[in-house]
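Welcome! Please open your viewer, load the structure shown below, and get ready to select residues one stop at a time.

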Amino acid sequence: MDLLDLLFLVLIIVHLVVSPYTKVEESFNLHAIHDLLMRGRDLQAYDHFEFPGVVPRTFIGALAVALLTKPFQVLAPLPSKFALQYICRGILGVINWASIVYLRRAVSKVFGKSTALWFALLQYTQFHITYYASRTLPNMFAFPLTMLATSFYICGKPARTITVLAFTTIVFRAELLILTATIGASSLLRRQLSLSSTIFAGSVGGILGIVASGLVDSYFWDFPLVPEFYGLYFNAIKGQSANWGTEPWNTYFSLHLPKILLNPVTIPLIFVSAFADLRRVAILLAPYAAFVGIYSLHPHKEWRFIVYVVPVFVLTAAIGATWISNRMRKEVIFLAATIALVASVAGTLMISAGMLAVSSTNYPGGHAVVALHERLDELAVAKAAMGDVLGNVTVHFDVPTCMSGATLFTFARDDVVYDRTENSEELKSMAGEIDVLVTFEKGPANVFGREHEWVEIGSVKGLGGLVPPWRQYGPRFWETAGWWNNIVHLEQRVFIFANRGL
């Protein structure tokens with residue numbers, strides 16, 4: 001570990017602090033951590049029984065992070081329950097950071113210190129892995145184990161690679177079965193493993209995964225279950241994931257990989273590395289590229305489903321960067337190319353900073369909870385001035401608000417009853433019980449059918465999209481006041497309505 005590794009950790013923490021809220025894809029693991037910390041053995045009070053989601057998910061990752069978070073909850077005085085969301089996300093970020101640092105150490109051992117340096121420069125300045133390292137997506141719980149497996153793979157330990165990947169497939173992400181198969185096939189073709197050794201390694205990891213997930217998740221879900229088996233059946237065999245959208249077969253290669261890699265020189269450097277050492281690069285990259293290719297046959301695509309291959313593509317690019325920089329003293333063209341590479345790293349870091357600033361505006365539900373608490377404090381002060389007491393308040397959050405940052409950790413006040421009822425008919429019958437409504441709807445009538453009893457007491461805006469500045473202002477857009485707010489188009493709004501009788 002060196003200064004670059006420490007700076008990478010700082011970047012992960014900065015991304016967490018600047019953008020502390022979460023989206024719906026992260027909610028299962030985040031709420032599982034919350035319940036493990038706050039509700040302990042009272043399983044019937046756990047959130048997943050009321051909001052189970054489309055498919056069951058494993059508790060193993062949440063349990064590990066909760067165990068590491070518990071000492072902070074017990075021993076340290078925290079300003080609020082929301083501080084625990086920072087801590088548990090920070091712990092996951094540290095785990096993912098350590099896995100990439102471990103991979104970099106393997107890179108240094110196998111490919112040399114120069115390649116490890118370029119790997120760090122190209123990887124650490126990217127946006128997606130840095131931003132999502134602390135996010136409780138199922139993929140980011142699988143990520144550190146895939147980095148461990150990749151470290152084993154590049155160090156020439158395919159049996160360990162297959163065992164770790166098989167375990168990760170069963171417990172966290174079923175799509176990793178494809179990567180397990182492509183690495184197994186590569187090891188067989190290169191005669192690193194026999195067929196029996198490959199099957200044995202996969203069986204060990206698979207059996208360990210079945211035992212671990214079966215025991216832990218059957219306990220928390222209250223019936224015999226290995227969640228990823230159900231997820232595989234629901235998404236792949238029944239094809240239900242297509243309900244969330246489909247994309248052309250080439251989307252991973254044409255859109256998602258270039259987007260995640262971010263630095264525009266990364267893909268050209270991969271071709272340079274192939275020119276420099278085709279055999280070594282092919283052995284390294286082939287099973288990971290094959291994973292992306294085979295997984296491209298699945299119609300529903302998201303960048304996070306292939307995030308595990310990104311460091312390997314970056315490593316391949318680092319080999320090309322090393323080949324160029326090692327020749328910069330011999331010819332001017334290599335010196336110029338090296339300078340361009342350094343400039344691209346600095347430029348990518350700046351772009352990543354801009355992406356962080358934009359992304360932090362995309363959680364209006366989380367910001368709405370903060371605004372709500374501020375309004376309640378103001379209302380309590382106003383009532384106290386009139387000799388009255390505010391008392392307990394019941395607040396309803398609609399589904400989009402909960403999907404965009406309002407989590408159980410943000411529901412931190414003892415004097416507030418936080419309601420998340422989703423059934424529309426049940427909500428209408430509850431209209432008289434709700435004191436405050438936090439909603440994406442422009443009026444309570446759309447929720448309760450009763451408009452006249454409510455008054456708007458606040459609202460927050462969220463990211464609606466980006467507007468290229470030259471479309472509005474021309475080449476001198478930077479001289480226009482407020483140009484940032486017009487580039488980052490904040491059109492999502494969460495409204496806060498209070499019952500007039502409050």
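Predicted model: local features only at pLDDT ≥ 70, side-chain atom pairs only at ≥ 80, totals over all residues.

**Stop 1: the cores**

Select Ile-33, Phe-59, Ile-100, Phe-143, Ile-154, Ile-306 and Phe-409. These touch the most other members of the largest nonpolar core, which has 99 residues. Now colour helix 5, residues 82-111: this helix gives the most to the core, with 13 residues.

Zoom in on Phe-409. Leaving aside neighbours within four places in sequence, its contacts include Leu-30, Ile-33, His-34, Leu-37 and Cys-88. Apart from this core lies another one, of 19 residues, and among them are Val-369, Ala-371, Val-393 and Tyr-418.

**Stop 2**

Which residues of helix 14 are buried? Select Thr-266, Leu-269, Ile-270 and Ser-273 to see them. Look down the axis of helix 14: the buried residues fall within an arc of 110°, so they line one face of the helix.

Next, show what covers the buried residues of helix 14, including helix 6 (113-124), helix 13 (251-261) and helix 17 (332-359).

**Stop 3: aromatic rings**

Select Phe-127 and Tyr-131. Their rings form a stacked aromatic pair, 4.8 Å centre to centre, with 25° between the planes. Phe-127 is buried, at 3% relative accessible area, and Tyr-131 is buried too, at 1%.

How are the rings of Phe-275 and Trp-323 arranged? Their planes are at 85° and their centres 5.8 Å apart, so the pair is edge-to-face. Because Phe-275 lies in helix 14 (residues 266-276) and Trp-323 in helix 16 (residues 310-325), the pair ties together parts that are 48 residues apart in sequence. Phe-275 is exposed, with a relative accessible area of 64%, while Trp-323 is partly exposed, at 21%.

For a whole group of rings, select Phe-28, Tyr-46, Phe-59, Tyr-219, Phe-220 and Trp-221, which form one aromatic cluster.

**Stop 4: salt bridges**

Side chains of opposite charge can pair when their charged atoms come close. The whole structure holds twelve salt bridges. Select Arg-135 and Glu-26, whose closest N and O atoms are 3.0 Å apart in a salt bridge. This pair links distant parts of the chain, 109 residues apart: Arg-135 is in the loop between helix 7 and helix 8, and Glu-26 in the loop between helix 1 and helix 2. Are these two buried or exposed? Arg-135 is buried, at 0% relative accessibility, and Glu-26 is buried as well, at 2%.

Compare Asp-377 with Arg-413, joined by a salt bridge of 2.8 Å, N to O. Here Asp-377 is partly exposed, at 41% relative accessibility.

**Stop 5: Leu-427**

Finish at Leu-427, in helix 20 (residues 424-429). Leu-427 is buried, at 7% relative accessibility. Not counting residues up to four places away in sequence, Leu-427 touches His-396, Asp-419, Thr-421, Val-447 and Phe-448. Draw a line between the C-alpha atoms of Leu-427 and His-396: they are 9.1 Å apart in space, and the two residues are 31 apart in sequence.

Conventions:
Residues numbered from 1 in each chain as written. Heavy atoms only, no water. Core = buried A, V, L, I, M, F, W, Y, C linked by side-chain atoms within 4.5 Å. Buried < 20%, exposed > 50% of the residue type's maximum accessible area, 1.4 Å probe, protein only. Helix = DSSP H or I, 4+ residues; strand = E, 2+ residues; numbered from the N terminus. Contact = heavy atoms within 4.5 Å. Phe/Tyr/Trp six-rings, centres within 6.5 Å; stacked < 30°, edge-to-face > 60°. Arc of directions from axis to C-beta. Salt bridge = Lys/Arg side-chain N within 4 Å of Asp/Glu carboxyl O.
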